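Work through the following exercises with the sequence and the structure side by side, and try each task before you read its solution.

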Amino acid sequence: MSLIILVKQNFRAFTLAHGSIGFGFLLIGTGTWAFIGGTIHDLAYMYIVTLELYLAYVTYSIMFFEQLIATFKYKSNVGFMIYLADSTGYLGNVCILLFKQFGHTHLSWGNFLFL
């Protein structure tokens with residue numbers, strides 16, 4: 001991701017950021033396929049999905065927002081958008097963990113993550 005700074009055209013860098021996000025979700029799909037097929041265990045699936053979501057998130061929150069501002073020449077900074085994305089993500093994580101803990105689900109973490 002650090003090499004994207006070498007791309008001088010803002011729209012091309014914006015497109016590359018989209019490709020990176022899509023690649024991360026493609027890897028999540030591959031991990032899900034392996035989990036459904038029984039190739040990987042619940043815990044490995046959870047680690048794979050978490051890693052790929054993090055990689056897509058970092059790309060989205062840093063590169064995507066910066067390139068969005070640069071491509072469309074908005075007079076702004078990236079701080080508010082990153083804060084908004086972070087706070088929404090943290091709230092979602094807390095809600096998911098509270099539901100898993102207190103929602104009377106009898107699923108393993110891997111199956112819970114899969115659903």
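**Exercise 1. Find where confidence is lowest and where it is highest in this predicted model.**
Confidence is given as pLDDT, the predictor's confidence in each residue, from 0 to 100. Its mean is lowest in helix α4 (residues 109–114), at 69, and highest in helix α3 (residues 79–102), at 86, where helices are DSSP runs of H or I with at least four residues, numbered from the N terminus. For the protein, the mean pLDDT is 81, and 94% of the residues reach 70 or more. Where pLDDT is low, the predicted coordinates should not be read in detail.

Residues are numbered from 1 along each chain as its sequence is written. Because the model is predicted, local features need pLDDT of at least 70 and side-chain atom pairs pLDDT 80 or more, while totals for chains, interfaces and linings use all residues, and side-chain values use heavy atoms, without hydrogens and water.

**Exercise 2. Decide whether Gln9 and Tyr57 are buried, partly exposed or exposed.**
Buried means under 20% relative accessible area, exposed over 50%, and partly exposed in between (1.4 Å probe, protein chains only). Gln9, in the segment before α1, is exposed because its relative accessible area is 54%. Tyr57, in helix α2, has 32% and therefore counts as partly exposed.

How values were computed
Helices (H or I, at least four residues) and strands (E, at least two) are DSSP runs, numbered from the N terminus.
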